[in-house]
Amino acid sequence: MKKVLFLGLPVKVTFTVLLVMGLTIAGCRQPTDPPVVNVTVPDSPGGSGGSGGSGPAPTYGISLNPAGTHTFPVAGPGYGAPAAKSVIITNTGNQATGDLTAALSGADSGSFTLSKTSIPSIAAGGANTFTVVPKPGLGVTTHTATVTVTGDSIAASFDVSFTVTTAPAYGIDFDVSGAYTFPAAIAGYGTQTALSVTIANTGNRDTGNLTAALSGAGSGSFFLSKTTVTSIAVGDTGSFTVVPKTGLSAGSYTATVTISGGNGISKNFSVSFTVNPVPATYGISLDVSGTYTFPEAPSGYGTQAAKTVTLRNTGNQATGALTVGTGSSFTLSPTSVGSIAAGSASTFTVRPNTGLAAGTHTARVTVSGSNGIRASFDVSFTVNPIAITSASVGGLVVPATGAAAATVGAAITAGASTYTVQSVTVKQGAAAFTGIFAPFTAYTAEIVLKAAANYKFSGAITPGTGGVGVPAVGTIGGGDAPANTLTFTVSFPATTGGTVPAGKIITAWATDHAIDASASKATVSRTIGQEAPGNHVTITVTSGSEYAASYAWTLRGVPQTYTGEVFDFNTTWVSNGDYTIGLVITKGTGAAAVQYSKEFTITVTN
């Protein structure tokens, strides 16, 4: 009975139903022409076209390999077991095949054996195998049969043939058929992988010695491992290899490989091999990489030694014209290089320019051309400044009572052309002072010298001042580099006094001061007198029996030149204010020395 599957296919199906109107029962008659009803199934539930969302249509089918006719090698009487032929069943549909059956048919179906006759369902895209082989002991004749694989609405088949003969049969076969193409290679290639060819004796007699030969336009482009193949026994095999020769130029090469012998034995296949031209490559290399550092030189240096750079073509094509460039501190020679042939080289030089300022000069040297050619390296050259190890200034003015602070450095000059005076700052204590100098006051000047562009201050330097003030060791600023600075301080003696302007009043303490409670030590008295054109004060120490004659006087903390018992304070009072006078009396010397001290205040007003 035929199966009809309603699978929701997007097609219209028409089939015929045979209606059996009666049964034959004893004494009853069956109609001679039973009615036939045609039934049509619409292409879709909702009308024509469309699948109702059921997906692609199911398909069923298989293919067999081999197809057509497979001929087993001819055998003679008493032949041994022939080699079985493997059969591949491939599901070519999109649905499982269902269970399949393999069978032999035809007049000689009994002359062959199948390894299996039942094949389980094969999934879509899957495969299964079985074998077919002639039976041993068959008579002299040609045996043929058909191998068929069937299933539910599925069928495929091929034929098999096997000849047993007493007549000699000669034949060979290769495991290579038709044409073999070697993988393409690029000109300059190395040894290629040889193709190994197996020769099978398909006759019922030994082959005799066989000849391997190449023919065709490209026959000289290939190599055979042997040109004579020793006789191959019945059912046995021989082999040889074929390979393209090395050193072939770009192009395509084809030849025919023929194996021949007596008794009409001859079989061939073709070989081909393509040599592609070497792809064009462009590139250069330099024998200098990273950074090349020229030897250092002092300021005022002469012409420096040039660095020779070798430029090599690393491509397989000529470079074309090349350009060489760098920064403004260096000179190249030449700045353009003609085309360099593949594998060849050229040179150029680079050197620092003369007259460069102190410091480190860097640049990048670049060689470039067309087709993406580019290579570079860096260069560096250091010009060392000339060291300045001594310095001096001239024109420095000592602070004077009543003068402006600016007078100290107004006429200052540097002692050499290798540096300049950058600044002069007058200070009273730690603070900058810009006013009028007071009497009996100590001032300092902070002076900054700056080295010229190609010079630097170096080492411990105490600048000279032409005998004005007392300079201290300078401090270098800006590091060990060109155009750095040297800062030093000059200490000046305290300013002196002069004439007291009219109207100034000097007030001293009212009573004598005792240095110690004991009258035997010392007392200090003062005398305020009139000395044209102004006032003055005389301070007198009356020592007791226990004091030695060693005295030290200060005015506003500044040591004075007085060393005796009388301090004549007849100085100019430029500004109002309190003036502190200090006195230190020393008894004895060395470790036995004892000191006594006292401070007194004198006030100046209008």
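Reader: In β9, which residue is the bridge partner of Lys85?
Author: Val132 is the bridge partner of Lys85. Keep in mind that this is a predicted model.

Reader: How many bridges join β5 and β9, and in which sense do they pair?
Author: Six bridges, in the antiparallel sense. Strand β5 covers residues 85-91, and strand β9 covers residues 127-134.

Reader: What is the strand order in the sheet they belong to?
Author: The order is β3-β5-β9-β7, in an open sheet of four strands with antiparallel pairing.

Reader: Which strands stand at the edges?
Author: β3 (62-65) and β7 (112-114) do. Each has a single partner strand, so one side of each is left without a neighbour in the sheet.

Reader: And by what angle are neighbouring strands turned against each other there?
Author: On average 25°, with direction ignored.

Reader: Moving along the chain. What is the order in the sheet with β22?
Author: That open sheet of four strands runs β22-β25-β29-β27, and its pairing is antiparallel. Its edge strands are β22 (284-286) and β27 (330-333), each pairing on one side only.

Reader: How many bridges join β22 to β25?
Author: Three, with the two strands running antiparallel. Within β25 (residues 307-313), Leu311 is the bridge partner of Leu286.

Reader: What about β30, how does it pair with β31?
Author: In the antiparallel sense, over 10 bridges, with β31 covering residues 374-384.

Reader: How many bridges does β30 have with β26?
Author: Three, again antiparallel; β26 is residues 322-325 and β30 is residues 359-368. Here Gly325 stands opposite Thr366 in β30.

Reader: How do the lining residues divide into nonpolar, polar and charged?
Author: 15 are nonpolar, 12 polar and four charged.

Reader: Now aromatics. How many aromatic pairs are there by count?
Author: The count comes to 14. In one of them, the rings of Tyr79 and Phe162 have centres 5.2 Å apart and planes at 80°, so the pair is edge-to-face. That pair links distant parts of the chain, 83 residues apart: Tyr79 is in the loop between β4 and β5, and Phe162 is in strand β11 (residues 154-164).

Reader: Is Tyr79 buried or exposed?
Author: Tyr79 counts as buried at 13% relative accessibility, because the cut-off for buried is under 20%. Phe162 is buried too, at 1%.

Reader: What kind of pair do Phe182 and Phe222 form?
Author: A tilted one, with 6.2 Å centre to centre and 35° between the planes. The partners are 40 residues apart: Phe182 is in the loop between β13 (179-181) and β14 (185-186), Phe222 in strand β17 (residues 222-224). Phe182 is buried with a relative accessible area of 4%, and Phe222 counts as buried at 2%.

Reader: Last one. Which residues form an aromatic cluster with Tyr79?
Author: Phe72, Phe112 and Phe162 form one cluster with Tyr79. Phe72 is also among the residues closest to the centre of the largest pocket.

Note on methods: Residues numbered from 1 in each chain as written. Predicted model: local features only at pLDDT ≥ 70, side-chain atom pairs only at ≥ 80, totals over all residues. Heavy atoms only, no water. Pairing = 2+ DSSP bridges. Axes fitted to C-alpha atoms, helices over the stretch in contact; angles between N-to-C directions. 1 Å grid on protein atoms, 1.4 Å probe; cavity = no way out; pocket = protein on both sides within 12 Å on 5 of 7 lines; lining within 4 Å. Nonpolar A, V, L, I, M, F, W, Y, C, P; charged D, E, K, R; others polar. Phe/Tyr/Trp six-rings, centres within 6.5 Å; stacked < 30°, edge-to-face > 60°. Buried < 20%, exposed > 50% of the residue type's maximum accessible area, 1.4 Å probe, protein only.
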